[in-house]
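Hello,

Here is the structure I promised to pass on. My notes on the ligand surroundings follow below it.

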Amino acid sequence: MAKARVIYWFRTDLRLHDSPALKAALDLDPEILWPIFTWDPYYVYRARGGLNRWQFLLDCQNDLSASITKLNPKSKLFLLREAPQTVLPKIFKAWGVTHLVFEKDTDSYPRERDAVVEAAAKTAGVQVITRSGRTLWDSDRIVAKNGGKPTMSTTQLQNAGKKLGPIDRPIAAPSSLPDPGEMPLDFEHERPSGKPDINSERRTKKDTEYQSIAGPKGDFSIESMEELGFPSATTPHKGGETRALKLLDDIAKDKKYTATFEKPKTSPAQFEPQSTTLLSPFLHFGALSIRELYWRVQDIVDEYGKGASSPPASLTGQLFFRDMYFAAQAAIGPKFTQTHGNDHCKFIPWHLPSKVDSKTGVTTGEYHIDSPEAEKWFQRWKTGTTGFPWIDALMRQLRQEGWIHHLGRHSVACFLTRGGCYIDWERGAEVFEEYLLDHEPACNAGNWQWLSCTAFFTQYFRMYSPISFPQKWDKNGDFVRHWVPELKNLSAKYIYEPWKAPLLDQKQAGVRITGDGESSSGEQGKTYPKPMFDFGERREICLAAMKTAYKANLYGDDDRVADGSWADLFPAEGEHVGVRDLDFESDDGEKADEGDASDDANPGEKRTAKSQQTTAKKQKTLNFGRLP
Ligand SMILES: Cc1cc2nc3c(=O)[nH]c(=O)nc-3n(C[C@H](O)[C@H](O)[C@H](O)COP(=O)(O)OP(=O)(O)OC[C@H]3O[C@@H](n4cnc5c(N)ncnc54)[C@H](O)[C@@H]3O)c2cc1C
């Protein structure tokens, strides 16, 4: 029988170690193996992506390519600059391909894309082999074991996982790779139009990556930031499998850290080095295998014995959250990343709601500006000029470096949604999508739903204060001093509330607290904005609004959400809502990993002994956004 001629299609699995799909390709004992990557215009033009994540991807590709060449000097990662749906059918024929092998991807767009490619392969007589490898367990199989339902807690995930059996042990990287065959390109190159281009704002010049299918020199080279029309990235975090494995080795050397890790006890204000692993971007691009990480940690935990931490707070517990969101998305499908049409996401009449395509029911990426004030808050949140130093420091770290600690993400997400601005979580998720190195559609949307108490978590009375929360971690405000250098000389007493600093203190610190962050004093670094609102007041308003929304109990798939009659259940714009005896808990992050106890139906209505009573009995104006 003729030997196999295999395309191995790398996507979100930019590694050689522990790749079940690569193993399946090599098990075919192929005569030829082409390791390829298709430069998909969907991600280039239709999905939000900041400079730092692009650079991280290029790092991962370059590292992988070098590792492939080490195993076979004739081979490397071959880049094809065309949509996979159009280029693969052409190369099936031109290269005489017998098999296409790739790692399964359960994100929404890849599912659609892969179905098209698989159909084309069938027509061309090419056998398709896929393997799950991106998660601890195959997300679709988890859903099946969870009764066909999305996993809404890590307990559900673990129970379903138990039914599938133990998590697979990692597979060693191959020690050799077959030669690539000829790669004739005697077919037409279909260039994408590049319009609309959601990333156009970030390009400082026209992108040229699609001028030729095999790159400017015809050698299937990896793109450069320059070809993408982007300026240089700003993040210090570099990608690649080699680096990921080295980082994991370093983490594993510290057995105590690894075995006793408890996420809620790690500081969101710690930097250089950060308090958690910072492995998420490597996991996102598949430069690190999730099972490699899991078993390296679990073996250390087993060996450590007494005193080791356990899920959900432990390091392996963190990985369960990741799998939980992946399986939830796998069950719900494309609507998982939006409220509209999502039967698991509570509807809340947030400000700046998403626009929805009436034909498809899918959000368009644009939003209604129902409140100019909320729009201003959103822009100030995004640019790190809210006047709350803790929030601004985190947002600046996100924009500059592409990564912030989990509890930092909690802080800014709670602040934007139910704990301050009352702005749609989808706005925040879009900003994270742009800036995060580790942006993962399932984890991003899922965590935003958790923080906004629209799914996964309902305890909306637990709020993060931008003042008392960071004080717990960083009394002196070193993190703020680093990221908000305008305030670096301000005394610790005022570091989280600079607007309270008397003029003399401001003068001594060389800063004036004035303006809204937009108007410059002409003396750079000499001013810092006033807070954009009274946080205590906003907390009460949001709490009351959340209570009303929870009472209405609408979900994204409710007809009343689609036809606008939801508004009958909420106070009209400008109406007053009594705020009475509403309790909140200042969340200090200690229970950050605890979801709703035993999947409780509505613990948002519960009160704990720790709850503090607000005395506010005054009438507050609720500026509820209504869809125009
Ligand atoms: C609003 C919001 C948005 C988020 N968006 C993303 C995202 O797009 N991509 C992403 O990977 N994580 C996201 N997270 C989850 C979490 O903050 C990051 O995974 C974590 O901070 C990454 O840092 P680390 O690698 O040091 O984590 P560690 O604490 O070292 O944890 C190890 C790994 O566990 C996984 N993990 C940990 N916590 C979570 C979690 N809550 N949900 C899912 N996976 C988790 C990550 O893969 C992480 O690398 C988000 C959290 C919030 C609150």
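Which of the 28 residues around the ligand come nearest? They are Thr 276, Thr 277, Ser 280, Gln 318 and Asn 447, where a residue is near a molecule or strand if its C-beta atom, placed from the backbone, lies within 6 Å of it.

Two notes before you dig in. This is a predicted model, in which local features need pLDDT of at least 70 and side-chain atom pairs count only at pLDDT 80 or more, while totals for chains, interfaces and linings use all residues. Residues are numbered from 1 along each chain as its sequence is written.

The shell around the ligand holds 12 nonpolar, 11 polar and 5 charged residues (nonpolar: Ala, Val, Leu, Ile, Met, Phe, Trp, Tyr, Cys and Pro; charged: Asp, Glu, Lys and Arg; polar: the others, Gly among them). At least two shell residues come from each of the helices H10 (280-284), H12 (315-332), H15 (406-416) and H17 (441-451); helices are DSSP runs of H or I with at least four residues, numbered from the N terminus.

Thr 276 sits in the loop between helix H9 (255-260) and H10. Thr 276 is buried because 20 C-beta neighbours lie inside 10 Å (20 or more count as buried, 12 or fewer as exposed, anything in between as partly exposed, with C-beta atoms placed from the backbone). Beyond four places in sequence, Thr 276 is in contact with Thr 266, His 405 and His 406, contact being C-beta atoms, placed from the backbone, within 7 Å.

Leu 278 lies in the loop between H9 and H10 too, and counts as partly exposed because it has 16 C-beta neighbours inside 10 Å.

Best wishes

Conventions. Contact = placed C-beta atoms within 7 Å.
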